Amino acid sequence: MKIIPIGDVHMATRNLARMGETMRDTDLVIISGDLTNFGGADDARKVLDEVRAACKSVLAVPGNLDRAEVFPFLEEQGVALHGKGMVVDGVGIFGCGASNIPPFHAPRDVGEDEICDALKRGCEQVRGARPLLMICHTPPFDTKCDRIMSGKAVGSTAARKFIEEVKPEVCISGHIHESAAVDTIGPTKILNAGPFKGGGYIIVESRDKELDARLEFL
């Protein structure tokens, strides 16, 4: 199975037109948050429709710049991963949207307890599945993927603790635009592709109960 995670779209979907060959054999696209730019359901629908035109199978978590109404909208569309999990072709996929409360504030900043709860609820729904693919809009704390321009780490301590305990094979994050990078926490590979308009995306391939994940740029 081939999965393409993209994130921090912020309505800028034009790079989808450049991914024809890449999308041709893609089984699933996962949007790792911030479909919109402070937008609601109507804006989220526009993004979702364009992504579905490139790949029919889509899952998504909302980001901190998606208004609260985007959460139930994704549920209605049958693509929601926030606090949810599902097994797709043997891979346990689960997720958490929004973000922890950073130095800046947005419509969907939540506490660490809420992040922990969403991850636990989603992971419980794929109990027993391996490999595990964790989608978390906010990156785990203190990695190459959660540094703002000053170098300060602003990721989620709850996400990091969860990874240390559960050890998913791969964690896809976003949120911090300037921290497109790859890192590890123990055996878990952490990837942040940066904003999709900048050309960053991720390819995840599952083979023989293993996940290979890599960062790509258009």
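Let's start inside the protein, where the count comes to 1 cavity of 30 Å³ or more. A cavity here is a set of points, on a 1 Å grid over the protein atoms alone, where a 1.4 Å probe fits but cannot get out. This is a predicted model, in which local features need pLDDT of at least 70 and side-chain atom pairs count only at pLDDT 80 or more, while totals for chains, interfaces and linings use all residues. Residues are numbered from 1 along each chain as its sequence is written, and side-chain values use heavy atoms, with hydrogens and water left out.

The largest cavity has a volume of about 40 Å³, a volume being the space filled by probe spheres set on the grid points. Its lining residues, those with an atom within 4 Å of a point, include Pro 5, Ile 6, Asp 8, Ser 32, Ile 172, Ser 173, Asn 192 and Ile 202. Strand S1 (2-6) and strand S9 (170-173) are the elements that give two or more residues to this lining; strands are DSSP runs of E with at least two residues, numbered from the N terminus. The lining residues divide into 5 nonpolar, 6 polar and 1 charged, where Gly counts as polar and Asp as charged.

Now for the cysteines. A search of the whole structure finds 0 disulfides, meaning pairs of cysteine sulfur atoms within 2.5 Å. For Cys 136, the nearest cysteine sulfur, that of Cys 96, is 4.6 Å away. Cys 136 is also buried, with a relative accessible area of 0%; buried means under 20% with a 1.4 Å probe, counting protein chains only.

Definitions and conventions. Buried < 20%, exposed > 50% of the residue type's maximum accessible area, 1.4 Å probe, protein only. 1 Å grid on protein atoms, 1.4 Å probe; cavity = no way out; pocket = protein on both sides within 12 Å on 5 of 7 lines; lining within 4 Å. Helix = DSSP H or I, 4+ residues; strand = E, 2+ residues; numbered from the N terminus.
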